Amino acid sequence: MRNADLTFLSFYPFPSRVVPVDSKQRALGIYDLAFKPDGTQLIIAAGNRLLVYDTSDGTLIQPLKGHKDTVYCVAYAKDGKRFASGSADKSVIIWTSKLEGILKYTHNDSIQCVSYNPVTHQLASCSSSDFGLWSPEQKSVSKHKSSSKITCCSWTNDGQYLALGMFNGIVSIRNKNGEEKVKIERPGGSLSPVWSICWNPSRDEHNDILAVADWGQRLSFFQLSGKQIGKDRVLNFDPCCVSYFSKGEYVLMGGSDKQVSLYTKDGVRLGTIGDQSSWVWTCKVKPDSNYVAIGCQDGTISFYQLIFSTVHGLYKDRYAYRDSMTDVIVQHLITEQKVRIKCRELVKKIAIYKNRLAIQLPEKILIYELYSDDSSDMHYRVKEKIAKKFECNLLVVCSDHIILCQEKRLQCLSFNGVKEREWLMESLIRYIKVIGGPSGREGLLVGLKNGQILKIFVDNLFAIVLLKQSTAVRCLDMSASRNKLAVVDENDTCLVYDIHTKELLFQEPNANSVAWNTQCEDMLCFSGGGYLNIKASNFPVHQQKLQGFVVGYNGSKIFCLHVFSMSAVEVPQSAPMYQYLERKMFKEAYQIACLGVTDTDWKELAMEALEGLEFETAKKDFLGSGDPKNTKMLITKQADWAKNINEPKAAVEMYISAGEHMKAIEISGDHGWVDMLIDIARKLDKAEREPLSKCAYYFKRLDNHGYAAETYMKIGDLKALVHLHVETQHWEEAFSLSEKHPEFKDDVYVPYAQWLAENDRFEEAQKAFHKAGRQSEAVKVLEQLTHNAVVESRFNDAAYYYWMLSMQCLDIAQENEQQKTEMLQKFHHFQHLAELYHVYHSIHRYTEEPFSFHLPETLFNISRFLLHSLTKETPLGISKVNTLFALAKQSKALGAYKLARHAYEKLQGLQIPARFQKSIELGSLTIRSKPFHDSEELVPLCYRCSTNNPLLNNLGNVCINCRQPFVFSASSYEVLHLVEFYLEEGITDEEAVALIDLEAPRLKKREDKWQEMASDGAQTLRFDDNTDIIEEDDPFTAKLSFEQGGSEFVPVIVNRAVLRSMSRRDVLIKRWPKPLQWQYFRSLLPDASITMCPTCFQMFHSEDYELLVLQHNCCPYCRRRIDESNQ
């Protein structure tokens, strides 16, 4: 830990302080001075003469006479060819660099200041009443009046503008022609005369900045625009001169306080350069140097050299140092990150330790801490402030304390400023360093001038003497394990001791600082004489050139302080590695190589280790060298060796360490080592798709599907994951994946359907095909299912499958416009077949099973319905014999003797199975004994036209009179009291439903009638819509007794008025999906309840439907479960 305060060194190249005198030996006041631009000469205005001094040794070169009165000002041109002087005699003299006067011109008043334009070398000369502008190419001087006495002037860096400071407190900024562009008025006016001004010479500033010092005792800064920068700085003295130092970084100022002080460019006072015995009228900086010349009222000329000492602190890879005197920069030596902390006061001391930073300012100490424990965090915040003034030589900070070093005394203070402990040493403390330890109990390493080295713990009053040597300590460091101590003494010798035995292990000359390697116990480095010395163990020292001081050694990085900058130097550790290698110390050589060596060094180490049969070290070395060829060679040797001793697991580990994952996976997979495969798969990066895919392949082969799925998920191969779930028949996972990613629907549902079909789960297979959008496959499965059901006489299943087929055809018709017509035809055909097989199921059970499950009336109705439906062709599996047989028996039982006789006669013309032969022959004979007529109770009634229809109807299931199709109950097959009606053109389904829902009340009876109309060969029955008054008897209740004019069916078409008259409970609507149209039915007996299935739209007497649902827990026709939504 090295830190020091700001130091100013006074330097006199003159034999003594120069005090010019006149002929009467009176001291002459020095009002101005100027350096020649190359710095070789100093021109001084002393009395009525100019004195020219040599700056190298302080000798007077020549006095220049030309003025008749006191010389107030002098200025040198930037090109160094001429200089000018102004006097109380109202004249300005131009002098050459050879000290010859070449031109003289005058003003009306005494000359107060002169200044050369830095670019055009135009001279500005200012008097009490005007100012003039002169250039060598001009014959005359261009003069401009001034409202007040001009006390000072200064040109901008680019020579475009001239600033004039005046006695009335005004700063006037003029262009090169003398025209005023900006006017700055100081608050004090004539009470604050502007006595000195100067533009900042820095090229880094974005704006021109003017420093203004007035006798209102204030220092201010302004932009060229006249805008003030910051606030006025109170000086507490009358300033007589202002000038910038070190390219604009600092400001020098002197005046009535009889001293020259140093300020930051923002106006923060840093310290005193030199105290004088009288007012300081002028101070100027020697060009391109750190020398300052001062001229005083008593004639004293002083020459000072300013040296800015390094104030800094270091802990491991963090280096904190002072910048611009008032800022602290913390630098991370590894990441090269930097952070600036602005203190706005002179920084006197800096200390850094772990996450703590201590900064001593003139009146306080600030303790900072890091925001987080992150090793790369560079954000500091104030933790504590100790508002006390301390005087110390060295400052150290710990986790909870600060340590102040004052000569022989060490003081330990808490962060609250309370002194907790104090140690008094035998001799001056030369070096102090924190060596770590628990928080609040850190250890300090202290070196004294008398050669004593101590260890102090901040929580312990007693210091531990580690050892005592005869020479003074300059630098100290302790090894990582705290077993060895390195000391640099005042004789530039580096001595290394064993702390426990106090034995001197070795010593090396030419050392100015020393540092142990924090990662290797036996390595240290020391610097001195322009060389860096690295020593490992007891081997000879390896040298290389290096300027500066070694302050840290971490791995292959050496932290070096050169002048004011800290840098991290990367030093290959090749030399010490070869030293270990020569002695066949392979493991030690490998440890050194890990700190940082070249690829060639790694290869050499690997080959040496291989020859020495150190396979493990060689493997690590080849990996370190990064040479694939050598790595493969080593792996081959190791794999062969592992194979020979039958150790495939060792071979796998070697391949993994070498990055040959494919080979490691193949061996593990072939041996069935799932654990190793899991380990490899989880360690691999997701970008390594090929080895991960190989892992997944082996997981599948070894029936570890969960790990295979995890691997596919890692590489994001969703398709492979889907196929895995399908192959392993994990259908739930497959379905879940397909829901999130619909593009895989086919990949899931098609194999699922095939699997279902293979496992004789055809119904589920059909649904799966349908869900996958494979309508053709779904239809094929259904057709096969239907055929099988018919062949196996499962007519109820056949009916269900045909119904499903019809709905599939309807779906295809919706999706495919080209197949729409064909699919709609199939839809109606399959619906018809579904109904036939549904009713035939009951007849088949009646004829095949010993007990009947239906009432005679139901079988009678079913038989009639079936015979009426089989007018054209008989579908596969349906027997007309069974149908007629059932009809004959039930007709006879119910008293329909005429129909029974007809049925028996029909049976005589058919091939009768032997088991029915006797029963039919007997029935044919006995029926002849019965009357030749049918019971009137059985005759079906048409609810539209109230016509009694014959039991056997040649037209089929329609009325013989009005041709209105009968609507049957899907359970008892009785004719339901429903009449289908159609909407008038222009009425939409939505409008119709809305009108029906209105349920408008009926008005008085009118004589409106149903009207029969004939046009284009078609007959239509419609209700007249010429009035809004609806009659009491609507078309469904009126008795239509008219002679049918033709054989075509005349539908009931209703208009809006009729729809409004209907009650919602009397209307049933089959809401078919597109492209089918909705069907509307009107109940003519509202008290007799009818239920319609919302899926298949079959009608039932409500009591029958409820009973069947209770029996089967579903619709008896479409098998829709009662807990399903009505879709």
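Two strands pair if DSSP finds at least two bridges between them. Strands (E, at least two residues) are DSSP runs, numbered from the N terminus. The model is predicted: local features need pLDDT of at least 70, side-chain atom pairs count only at pLDDT 80 or more, and totals for chains, interfaces and linings use all residues. Residues are numbered from 1 along each chain as its sequence is written, and side-chain values use heavy atoms, with hydrogens and water left out.

Look next at strand S24 (residues 259-264). Five bridges join S24 to S25, and the two run antiparallel. Opposite Tyr-263 stands Arg-269 in S25.

Now turn to the loops. His-121 has a phi near 60 degrees, a positive value in a residue other than glycine. Its loop runs between strand S10 (111-116) and strand S11 (123-127). Lys-316 also has a positive phi, near 50 degrees, and is not glycine. Lys-316 is found in the loop between strand S29 (312-315) and strand S30 (318-323).

Are these two residues buried or exposed? Buried means under 20% relative accessible area, exposed over 50%, partly exposed in between (1.4 Å probe, protein chains only). His-121 counts as buried because its relative accessibility is 18%. Lys-316, at 57%, counts as exposed.

Another loop holds a cis peptide bond. The bond joins Lys-1074 and Pro-1075, with omega about 5 degrees. Pro-1075 lies between strand S60 (1067-1070) and strand S61 (1079-1083).

Finally, look inside. A cavity is a set of points, on a 1 Å grid over the protein atoms alone, where a 1.4 Å probe fits but cannot get out. The structure holds one cavity of 30 Å³ or more. The largest cavity has a volume of about 50 Å³, a volume being the space filled by probe spheres set on the points. Lining residues have an atom within 4 Å of a point; among them are Cys-942, Tyr-943, Arg-944 and Phe-966. By class, the lining has eight nonpolar, one polar and one charged residues. Ala, Val, Leu, Ile, Met, Phe, Trp, Tyr, Cys and Pro count as nonpolar, Asp, Glu, Lys and Arg as charged, and the others, Gly among them, as polar.

Key
Helices (H or I, at least four residues) and strands (E, at least two) are DSSP runs, numbered from the N terminus. On a 1 Å grid over the protein atoms alone, a cavity is a set of points where a 1.4 Å probe fits but cannot get out, and a pocket is an open set with protein on both sides within 12 Å along at least five of seven lines; lining residues have an atom within 4 Å of a point.
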